[in-house]
Amino acid sequence: MQTPDHPLHDEAAAPAGNARPPTRARGRPRAFDREAALSKAMRLFWQKGYEATSLADLTTAMGIASPSLYAAFGSKEALFVEALNHYGATYAWGWKNFLEAATARDAVQAWLMDSAAFLTGDIEDVPLGCMATLSVIGAAGHQGLCEQTRAARAAPRTVVRTRLEQGAANGEIPASVDLDALARFVQVVQNGMSLHARDGASRAELEAVARMAMRGWDALVAG
């Protein structure tokens with residue numbers, strides 16, 4: 001197969017004498033869509049995880065050769081980090097209802113219910129579960145990646161904790177409630193939903209979990 005950065009060859013026999021064979025214009029290299037390639041890598045890491053995704057898997061999915069992958073992204077590790085950041089930026093809309101909610105309770109309920117829809121692929125054709133939650137990486141030889149994934153998993157808890165602080169300041173949550181524990185409880189529920197979504201739980205099943213979690217919230221706040 002012809003490569004885009006080499007001229008096409010004319011297979012016709014060269015004419016006799018000093019006449020030159022007809023030539024064709026040099027082919028123009030195909031433009032490299034970096035963001036599209038990154039999105040494909042993100043989906044692959046999301047589906048298979050870091051360890052199980054090989055360079056061959058990546059180059060096939062992204063439609064590029066290994067030298068192009070290294071030139072554009074540096075390494076598999078760097079590509080994963082960029083894909084993880086791309087995931088966060090691409091699906092930041094998942095926090096929209098949380099951020100627009102009038103109360104802390106409404107915000108948490110919106111996040112859990114929206115998660116039930118998103119994690120099961122009911123809103124958009126995406127791999128099941130949360131990429132950050134399911135990106136478990138062994139520490140041996142990958143300390144930097146471990147720190148990156150831990151930070152990505154911790155980020156939602158920080159967002160929830162900040163909203164709980166606002167709720168406490170507004171009198172929605174009693175001062176006796178441990179906000180750190182409550183934020184972690186909410187995140188643990190959402191993380192568990194992610195794992196069960198990967199294992200095939202439906203949106204309705206995860207919405208039932210979210211409603212159960214909110215009953216726990218009500219009991220805690222009422223107490």
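Which residue just after α1 takes a positive phi? That residue is G49, with a phi of about 85 degrees. This is a predicted model, in which local features need pLDDT of at least 70, side-chain atom pairs count only at pLDDT 80 or more, and totals for chains, interfaces and linings use all residues. Residues are numbered from 1 along each chain as its sequence is written, and side-chain values use heavy atoms, with hydrogens and water left out.

**Overall**
- The protein has 10 helices and 0 strands (DSSP runs of H or I, at least four residues, and of E, at least two, numbered from the N terminus).
- Of its 223 residues, 35% are buried (under 20% relative accessible area, 1.4 Å probe, protein chains only).
- Among contacts (heavy atoms within 4.5 Å) with a separation of 6 or more, 65% join residues 24 or more positions apart.

**Helix α1 (residues 34–48)**
- Its 15 residues should span 21 Å at 1.5 Å a residue, and the end C-alpha atoms are 21 Å apart, which agrees (the expected span is 1.5 Å times one less than the number of residues).
- D33 caps the N-terminal end of α1, with a side-chain oxygen 3.3 Å from the backbone nitrogen of E35.
- A37, L38, A41, M42, L44, F45 and W46 are the buried residues of α1.
- These buried residues pack against α2, α3, α4, α6, α7 and α9.

**Helix α4 (76–90)**
- The buried residues of α4 include F80, H86 and Y87.
- The buried residues of α4 pack against α1, α2, α3, α6, α7 and α8.

Key: Buried < 20%, exposed > 50% of the residue type's maximum accessible area, 1.4 Å probe, protein only. Polar contact = N/O pair within 3.5 Å; in protein donor to acceptor, adjacent residues only side chain to side chain.
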